[in-house]
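Here is a short tour of one structure, written for someone who likes to keep the model open while reading.

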Amino acid sequence: MKKRILTGDRPTGKLHIGHYVGSLANRVALQDEYETYILIADVQALTDNFATPEMLRQNIREVALDYLAVGLDPQKCAFVIQSLIPEIAELTIYYMNLITLARVERNPTVKAEIAQKQMEHDLRLGFFCYPVSQAADITAFGAHLVPVGNDQKPMIELSRDIVEKFNALYGETLTLPEGMYGEFGRLPGTDGGAKMSKSIGNTIYLADDEATVTKKVMAMFTDPNRVMGREPGNVENNPVFTYLDAFAQNKLRVEELKELYRRGGENEKGKPLLGDVQVKRELAAELNAFLEPIRNRRIEYSKDPSYVTEVLRDGTQRGRQRAMETMEAVRKSMKIDYFQF
Ligand code: TRP
């Protein structure tokens with residue numbers, strides 16, 4: 001039996017290069033080895049976007065296009081629309097009995113989101129409880145592995161707790177999931193901020209065209225203490241170098257650039273040996289080379305909306321099948337399978 005992967009994204013916008021580094025790269029690499037389910041988490045997205053369902057409806061298709069564009073094969077990966085899997089909602093209700101309010105209150109990712117979105121005085125139950133619903137996402141598909149960005153670690157921990165509690169109470173039923181985090185951790189925003197976020201506007205989308213990528217790269221933050229190109233600079237915590245590490249094909253050139261940047265200095269004409277502009281130009285070229293095939297595939301797939309619809313319909317159907325199997329086992333273990341003798 002193949003082991004299973006479940007992971008997902010909220011359909012609140014197009015996916016960006018941070019998603020690629022955090023999770024998409026792992027999904028593409030593992031899709032041959034694992035039975036993969038990828039959840040387009042509209043229910044979760046509604047928890048803080050309940051007033052704009054039309055936006056989510058459109059973005060479901062954008063996210064599906066991003067999946068296809070990066071090379072996720074819909075034969076190997078089921079793209080599943082979350083709201084069409086009622087078993088997830090059902091499981092959420094039962095899991096809420098296994099988890100205390102205090103446990104969810106401690107979740108650092110939820111805390112950060114509440115602060116960032118200034119929801120302190122208007123905190124909805126739906127949003128607050130989404131980590132429990134995410135545990136239902138993961139376990140409904142019997143996932144062994146969950147490739148995600150490392151901001152999702154608290155959700156994986158919670159899921160593992162729920163599985164352990166459930167199995168101890170009702171008997172061995174649910175699969176214990178394991179998190180898998182991207183090689184480069186979380187990619188900073190183009191402004192050097194901790195995270196790429198649509199609302200901050202510090203993102204580079206997988207769908208961005210060449211000119212847009214170049215423009216965004218040329219406006220990136222670098223080492224804030226390096227005012228002149230001849231000064232020695234820092235490559236650590238410098239988003240331009242972080243991106244080069246993550247995306248450049250020519251690793252030797254990256255090492256050379258780092259060396260020059262750290263050293264500073266100028267040539268015989270008094271010009272800096274390596275200014276920020278030069279590093280950014282090279283980054284823009286590397287990023288555009290990386291994004292070019294993704295962009296082209298995206299354009300091709302976007303010409304065929306009915307194919308995208310079919311992929312979503314078929315993936316959701318396969319996902320539902322799997323979730324129903326889990327739900328049946330759960331009902332049996334919880335002794336609520338009343339008419340099964
Ligand atoms: N919370 C995830 C995010 O914000 C999206 C998500 C929903 C997810 N359900 C999931 C990720 C299940 C992994 C597994 O990106």
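Asn 59 sits in helix H3, which covers residues 53-70. Is Asn 59 buried or exposed? Its relative accessibility is 11%, so Asn 59 counts as buried, the cut-off for that being under 20%. Setting aside neighbours within four places in sequence, Asn 59 is in contact with Pro 11, Thr 12, Gly 13 and Lys 14. Please keep in mind that this is a predicted model.

Now turn to Arg 160, which belongs to helix H9 (residues 153-170). Arg 160 has a relative accessible area of 23% and is therefore partly exposed. Residues up to four places away in sequence aside, Arg 160 touches Leu 176, Pro 177 and Glu 178.

**How the helices pack**

Two packed helices are described by the angle between their axes and the distance between the axes. The table gives both values for two helix pairs.

| Helix pair | Angle between axes | Distance between axes |
|---|---|---|
| H4 and H8 | roughly 120° | within 8 Å |
| H8 and H9 | about 70° | 9 Å |

Let us start with H4 (residues 86-95) and H8 (residues 130-140), whose axes cross at roughly 120°. That angle makes H4 oblique to H8. The crossing of H4 and H8 is right-handed. On the H4 side, the contact uses Ile 88, Leu 91, Thr 92 and Tyr 95. Facing them in H8 are Val 132, Ser 133, Ala 135, Ala 136, Asp 137, Thr 139 and Ala 140.

H8 passes H9 in a right-handed crossing. From H8, the contact is made by Tyr 130, Pro 131, Val 132, Gln 134, Ala 135, Ile 138 and Thr 139. H9 brings Met 155, Ile 156, Leu 158, Ser 159, Ile 162 and Val 163 to this contact. The residues of the contact of H8 with H9 divide into 10 nonpolar, 3 polar and no charged.

**Aromatic pairs**

How many aromatic pairs are there? Counting rings whose centres lie within 6.5 Å, the total comes to 9 aromatic pairs. One of them joins Tyr 20 and Phe 290: the ring centres are 4.9 Å apart and the planes stand at 75°, so the pair is edge-to-face. This pair links distant parts of the chain, with Tyr 20 in helix H1 (residues 17-30) and Phe 290 in helix H13 (residues 276-302), 270 residues apart. Both Tyr 20 and Phe 290 are buried.

Another pair to look at is Phe 241 with Tyr 261, where the ring centres are 4.9 Å apart and the planes are at 65°, so this pair is edge-to-face. Phe 241 lies in helix H11 (residues 239-247) and Tyr 261 in helix H12 (residues 251-263), so the pair ties together parts that are 20 residues apart in sequence. Phe 241 is buried, and Tyr 261 is buried too.

Finally, return to Tyr 20 and Phe 290: together with Phe 247 they form one aromatic cluster.

Key: Residues are numbered from 1 along each chain as its sequence is written. This is a predicted model: local features need pLDDT of at least 70, side-chain atom pairs count only at pLDDT 80 or more; totals for chains, interfaces and linings use all residues. Side-chain values use heavy atoms; hydrogens and water are left out. Axes are lines fitted to C-alpha atoms, for helices over the stretch in contact, and angles run from 0 to 180 degrees between N-to-C directions. Helices (H or I, at least four residues) and strands (E, at least two) are DSSP runs, numbered from the N terminus. Angles under 35 degrees count as roughly parallel, over 145 as roughly antiparallel, 65 to 115 as roughly perpendicular and the rest as oblique. A crossing is left-handed if the near helix is turned anticlockwise from the far one by less than a right angle, and right-handed if clockwise. Contact means heavy atoms within 4.5 Å. Rings of Phe, Tyr and Trp (its six-membered ring) pair if their centres lie within 6.5 Å; planes under 30 degrees apart count as stacked, over 60 as edge-to-face and the rest as tilted. Buried means under 20% relative accessible area, exposed over 50%, partly exposed in between (1.4 Å probe, protein chains only). Ala, Val, Leu, Ile, Met, Phe, Trp, Tyr, Cys and Pro count as nonpolar, Asp, Glu, Lys and Arg as charged, and the others, Gly among them, as polar.
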